[in-house]
Amino acid sequence: SISPAILSTISNGARNGILFKGGIHLERLSKIKAIAFDKTGTLTKGKPNVTDILVRDDLTIETVLTNVAAIERYSTHPLATTIVEYASDHVDSQRKLAIENMEDVSGFGVQAKVDGAIWKVGKAEFVGVKEALEFHKYEVDRLSNEGKTIVFVKDKKGIAGVIALKDVVRDEAVVAIQALQEAGIQTIMLTGDRTQTATAIAKECGISEFIAECLPDTKVKEVKKLEQKYGKVAMVGDGINDAPALATASVGIAMGGGTDVALETSDIVLMKNHLSRIADAILLTKRMNRIIK
Ligand code: ADP
Ligand code: MG
């Protein structure tokens, strides 16, 4: 049977946009020592804007965008959605391109044959680190240090270009992080993005600890390491790639606007993406425990 204190905490939570999938998660949440946050779509809005495009001398921005958008149309990644929208606003890609062998490699990027030629779109490790890091190095470093995500594009000749995108930190992120730190809870950002971009975004959020260049299964390992270091850990995420880490953490918290897989794997859902509700909920569950004991 569920005690009145648990019931009242669950319904109080629901009224405030935080949905507990069971009484057990209240108890666990009250014991959390650290919280790991995914970056894209969780601390940030996950609706980036294309800010800069650099292309190889023998190509035009139009060609690169048209080919990239043709592939990204089949991906659900937030970067993909943005690039497709940007392309449809900025180039008149009336020409139908034949897409074959499309592959969406979670945490890395996408690739496909466009009109018979292979194109790869994603992080440096996906298109080839050495080549990628030589392409307009100075400019690309500058863009990363501004907190922009760099998407590399490769065609059969080598790096065809880069697309830089800037995501916006959620208004609530800074307040939410501060409230958790004041409650004595460690905050850590986990991201698949590169170190320079992560450094800039972490700073914008007021998070001092972060782990960059995570792969979906690295997020799981990092959550386990954090549990050894701090004690019970909650993980907050929104994406398909966060689902394994949400399942591993003592408490998995999904953003309400997240993907179905994240919502299903989580123990708690933040209905309106209100990050600041997390600290409120922790304080509430601690109070509830005192009432029960
Ligand atoms: P995060 O952990 O920040 O949410 P992901 O793990 O989803 O990021 O992706 C990590 C990186 O992989 C991105 O920063 C991007 O460089 C690359 N990437 C993944 N999917 C795509 C895609 N569909 N298009 C372009 N780049 C992608
Ligand atoms: Mg995400």
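This is a predicted model: local features need pLDDT of at least 70, side-chain atom pairs count only at pLDDT 80 or more; totals for chains, interfaces and linings use all residues.
Q: What are the bounds of domain 1 and domain 2?
A: The domain assignment gives 4-45 + 168-292 for domain 1 and 49-166 for domain 2.

Q: How many residues does each domain put into the contact?
A: Domain 1 gives 14 residues and domain 2 gives 11.

Q: Which elements give two or more residues on the domain 1 side?
A: Helix 3 and helix 10 (195-205).

Q: Now the ligand. Where does ligand 1 lie relative to domain 1 and domain 2?
A: Between them, because both domains give residues to its shell.

Q: Which residues are the closest to ligand 1?
A: Thr40, His77, Gly107, Lys123 and Gly192, out of 22 that surround it. The shell divides into 6 nonpolar, 11 polar and 5 charged residues.

Q: Which elements each supply at least two residues of that shell?
A: Helix 3 (39-43), helix 5, strand 5 (109-114), strand 6 (117-122) and strand 7 (149-155).

Q: Switching to helix 5: at what angle do helix 4 and helix 5 pack?
A: Helix 4 (residues 61-72) and helix 5 (residues 78-90) pack at about 135°, with axes 9 Å apart. That angle makes helix 4 oblique to helix 5, and the crossing is left-handed.

Q: Which residues make the contact?
A: Helix 4 uses Leu65, Thr66, Val68, Ala69 and Glu72, and helix 5 uses Ala80, Ile83, Val84, Ala87 and His90. By class, that contact has 7 nonpolar, 2 polar and 1 charged residues.

Definitions and conventions. Residues are numbered from 1 along each chain as its sequence is written. Chains are lettered from A and ligands numbered from 1 in the order in which they are written. Axes are lines fitted to C-alpha atoms, for helices over the stretch in contact, and angles run from 0 to 180 degrees between N-to-C directions. Helices (H or I, at least four residues) and strands (E, at least two) are DSSP runs, numbered from the N terminus. Angles under 35 degrees count as roughly parallel, over 145 as roughly antiparallel, 65 to 115 as roughly perpendicular and the rest as oblique. A crossing is left-handed if the near helix is turned anticlockwise from the far one by less than a right angle, and right-handed if clockwise. Two residues are in contact if their C-beta atoms, placed from the backbone, lie within 7 Å. Ala, Val, Leu, Ile, Met, Phe, Trp, Tyr, Cys and Pro count as nonpolar, Asp, Glu, Lys and Arg as charged, and the others, Gly among them, as polar. A residue is near a molecule or strand if its C-beta atom, placed from the backbone, lies within 6 Å of it. Domain bounds come from an automatic or database domain assignment.
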